[in-house]
Amino acid sequence: TLTSPNAFTDMQKTVERLSKAIDNEETIIVYGDFDADGVTSTSILYKTLKYLGGNVHYFIPDRENEGHGFDKKALIKLMTTVKPKVIISVDCGISDVDAVKFMNSFKIIDVIITDHHEAPEELPPAYAIINPKAPNALDENLSAKQIEHLTYLAGCGVAFKVAQAILTKYEKTEFVYEILPFVAVGTVSDVVPLLGENRYFVTKGLELISRGKHDGLKKLLESAGYDITKGVTSEMIAFGVAPRINACGRMGNAGVAVELLLEKDKSVADSLATKLNNQNTKRQQVEKKIFDAA
C-alpha cells in the first residue's frame, strides 16, 4: 500500500510552495544528480510540474566540474540566466549547508530539498526538507514498519512522494502511471531494498515498461539486446538500462539521459538511445584499458 505523502512533516509546506509557483508562473528549477537515481528523480518532478502547467527547468551538474549536490558556481549561473523563485533538489542537497545559506542570502529563492542520503548533524536551512532519514522529517504517529519502509526509498521514491502529493492537490493522480516507469528504473538502479513501497514501484513500473508505455526506455532495452515483448525484469533494468544512464553521466553529460526519458518523439528517442548505448560501449573500453593497465 502507498503511504500518504503527508507522512513527511514538510510535505504540505512543499505542496503549497510548488502550487503557488505553478499558479503564479514563477520559475522552478529541479536540481538533480548525474547517476540513474538522480536522472530518474529529475525526470519525475520535471514531467509532473510541467504537466501541471509549471514554468519548470532542470539542471544536472557535471560530474567532473561541479560534482554531487549544489555547486555555488552553477547556482550563480542559474540565478543570473534562469532566475528561479524555487529550486527543488532531487537525490541530493541534504549535506549542502553552506550552499543553501548562500542561496538564502539573496532572499528571492526558496530552496526545497528532497533526498534520501544520511543527514548530517547540521541540516541546511532550507524552506522545506523531504528526506526520510532527516531528523523529525516523518510523522511521529507512523508505525515502526512504515518508518522503516520509507527510509528504504531511493531519491526517485522520495521525488515520487512529492509528485504524488502535488498531483493529489490538483486532483490529477492518474498521472502517476506516466512516472512510475522512472521510479522503477531509479529504484532498481540505486540497489535499495525491494521492500514496502519500493516493491510496488518496481512491480508496477516494470509492468508499464513491458506494455510499451515508455518509448525511450523501450529503445534503451532493445539497444541492450532485450526483447520486452516477453516482459521486463529488474535484471534487465540493472544490467541494461542503469549502466547506459550512468555511462552518460560518466562519459559526457547526464542531461542526455534526461532528454531520453522526457522525449515524446519516437525517432528522437531512438537516436538518443543510440547515443547512450555508444557512451556505454566507450565506458566499457575505458574501464578495460584501466583494468589491463592495473
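**Exercise 1. Charges over rings**

Task: Lysine 172 lies over the face of a tyrosine; which tyrosine is it, and at what distance from the ring centre?

Solution. Lysine 172 lies over the face of tyrosine 51, at 5.5 Å from the ring centre. A charge sits over a ring if NZ of Lys or CZ of Arg is within 6 Å of the ring centre and within 35 degrees of the ring normal. Lysine 13 is placed over the face of tyrosine 127, at 5.0 Å from the ring centre.

A word on the model before going on. The model is predicted: local features need pLDDT of at least 70, side-chain atom pairs count only at pLDDT 80 or more, and totals for chains, interfaces and linings use all residues. Residues are numbered from 1 along each chain as its sequence is written, and side-chain values use heavy atoms, with hydrogens and water left out.

**Exercise 2. Strand β1**

Solution. 
- Step 1, the terms. Buried means under 20% relative accessible area, exposed over 50%, and partly exposed in between (1.4 Å probe, protein chains only). Strands (E, at least two residues) and helices (H or I, at least four) are DSSP runs, numbered from the N terminus.
- Step 3, the faces. Thr27, Ile29 and Tyr31 are buried on one side, and Ile28 and Val30 on the other.
- Step 4, the pairing with β2. Two strands pair if DSSP finds at least two bridges between them. β1 and β2 are parallel and share 5 bridges. Threonine 27 stands opposite asparagine 55 in β2.
- Step 5, the crossover. The chain goes from β1 through helix α2 (residues 36-51) to β2, and this β-α-β crossover is right-handed. Right-handed means that, with the strands pointing away from the viewer, the path from the first strand over the helix to the second runs clockwise.

**Exercise 3. Strand β3**

Task: Which strands are joined to β3 by bridges, and how do they run?

Solution. 
- Step 1, one neighbour. Strand β1 (residues 27-31) is joined to β3 by 4 bridges, and the two run parallel. Valine 30 stands opposite isoleucine 88. Tyrosine 31 stands opposite serine 89.
- Step 2, another neighbour. Strand β4 (residues 110-114) is joined to β3 by 5 bridges, again in parallel. Here valine 86 stands opposite aspartate 110.
- Step 3, the unit. β3, α4 and β4 make a right-handed β-α-β unit.
- Step 4, burial. β3 is largely enclosed by the rest of the structure, because 5 of its 5 residues are buried. Val86, Ile88 and Val90 cover one side, Ile87 and Ser89 the other.

**Exercise 4. Aromatic rings**

Task: What kind of aromatic pair do tyrosine 31 and phenylalanine 59 form?

Solution. 
- Step 1, the rule. Rings of Phe, Tyr and Trp (its six-membered ring) pair if their centres lie within 6.5 Å; planes under 30 degrees apart count as stacked, over 60 as edge-to-face and the rest as tilted.
- Step 2, the count. The structure holds 7 aromatic pairs.
- Step 3, the geometry. The pair of tyrosine 31 and phenylalanine 59 is tilted, with 5.2 Å centre to centre and 50 degrees between the planes.
- Step 4, the places. Tyrosine 31 is in strand β1 and phenylalanine 59 in strand β2 (residues 55-59), 28 residues apart. Both residues are buried.
- Step 5, the cluster. Ring pairs link Tyr31, Phe59 and Phe70.

**Exercise 5. Positive phi**

Task: Aspartate 91 and asparagine 136 have a positive phi. Is each one buried or exposed?

Solution. 
- Step 1, aspartate 91. Its phi is about 60 degrees, although it is not a glycine. Aspartate 91 lies in the loop between β3 (86-90) and α4 (97-104). At 2% relative accessibility, aspartate 91 is buried.
- Step 2, asparagine 136. Its phi is near 60 degrees, and it too is a residue other than glycine. Asparagine 136 sits in the loop between β5 (128-130) and α5 (144-151). At 71% relative accessibility, asparagine 136 is exposed.

**Exercise 6. Cores**

Task: How many residues has the largest nonpolar core, and which have the most contacts inside it?

Solution. 
- Step 1, the term. A nonpolar core is a set of buried Ala, Val, Leu, Ile, Met, Phe, Trp, Tyr and Cys residues joined through side-chain atoms within 4.5 Å.
- Step 2, the answer. The largest core has 74 residues, and Leu18, Ile28 and Ile245 have the most contacts inside it. Helix α6 (residues 155-169) gives the largest share, 9 residues.
- Step 3, a separate core. A second core of 21 residues includes Ala74, Met79, Met103 and Ile129.
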